[in-house]
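Consider the model below from its overall fold down to individual side chains.

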Amino acid sequence: MSWYLLFAAGLFEIAWAIGLEYSEGFTEPVPTAGTVVALVASMLLLAKAVEQLPVGTAYAVWTGIGAVGTALLGIALFDEPATASRLGFIGVIVVGIVGLHAVST
């Protein structure tokens, strides 16, 4: 169950990171509120996950999910570059996340 909570925390991390772009420096009320809600949800789920998982592993996976998701959505939503090297390094992060899960169970 902790891994599911951690995955959900990672998804909320993506949401708040993307929300930062839409909040326009916290000047847009609705995106700002969504960003804050996603941030709080992410932290609460991460805190719950680390009750059962090693904090170092959980934190690395949480940030990895957030980094991969945010980078991919940056490409899709904000026309950020999708170079082969960038996608390759995103893939390396995914391998790290999968590897941490594999050695932690």
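The protein chain has 4 helices and 0 strands, and its pattern along the sequence reads α-α-α-α. Helices (H or I, at least four residues) and strands (E, at least two) are DSSP runs, numbered from the N terminus. This is a predicted model, in which local features need pLDDT of at least 70 and side-chain atom pairs count only at pLDDT 80 or more, while totals for chains, interfaces and linings use all residues. Residues are numbered from 1 along each chain as its sequence is written, and side-chain values use heavy atoms, with hydrogens and water left out.

The C-alpha trace of the protein chain spans about 40 × 35 × 15 Å along its principal axes. Of the 105 residues in the chain, 31% are buried; buried means under 20% relative accessible area, exposed means over 50%, and partly exposed is in between (1.4 Å probe, protein chains only). Accessible areas come from the Shrake-Rupley method with a 1.4 Å probe, and for residues only the protein chains shown count as cover. Among contacts (heavy atoms within 4.5 Å) between residues at least 6 apart in sequence, 66% join residues at least 24 apart.

Helix H2 covers residues 29-49, 21 residues in all, and reaches 30 Å from its first C-alpha to its last, close to the 30 Å expected at 1.5 Å a residue. The expected span is 1.5 Å times one less than the number of residues in the helix. Which residues of H2 are buried? They are Thr-32, Thr-35, Ala-38, Ala-41, Ser-42, Leu-46 and Ala-49, and these buried residues pack against helix H1 (2-22) and H3.

Thr-32 is one of the buried residues of H2, and counts as such because its relative accessible area is 16%. A polar atom of the Thr-32 side chain lies 2.7 Å from the backbone oxygen of Glu-28. Polar contacts are pairs of N or O atoms within 3.5 Å; within protein, one must be able to donate a hydrogen and the other to accept it, and residues adjacent in sequence count only if both atoms are side-chain atoms. Leaving aside neighbours within four places in sequence, Thr-32 is in contact with Ser-23, Phe-26 and Thr-27.

The loop between H2 and H3 contains Glu-51, which is exposed because its relative accessible area is 54%. Glu-51 and Ser-2 are 49 residues apart in sequence, yet 8.1 Å apart in space, C-alpha to C-alpha. Glu-51 also forms a salt bridge with Lys-48, with the closest N and O atoms 3.2 Å apart. A salt bridge is a side-chain nitrogen of Lys or Arg within 4 Å of a carboxyl oxygen of Asp or Glu. Lys-48 is partly exposed, at 43% relative accessible area.

By this rule there are 2 salt bridges. Glu-80 and Arg-86 also meet in a salt bridge through their side chains (3.2 Å, N to O). Glu-80 is partly exposed at 32%, and Arg-86 is partly exposed at 25%.

The surface also carries a nonpolar patch formed by Tyr-22, Leu-73 and Leu-77, with about 260 Å² of accessible area together. Patches are made of residues with over 30% relative accessible area and no salt bridge; like charges are joined within 9 Å, and nonpolar side chains (Val, Leu, Ile, Met, Phe, Trp, Tyr) within 5 Å. Leu-73 belongs to helix H3 (residues 55-78) and counts as partly exposed because its relative accessibility is 32%.
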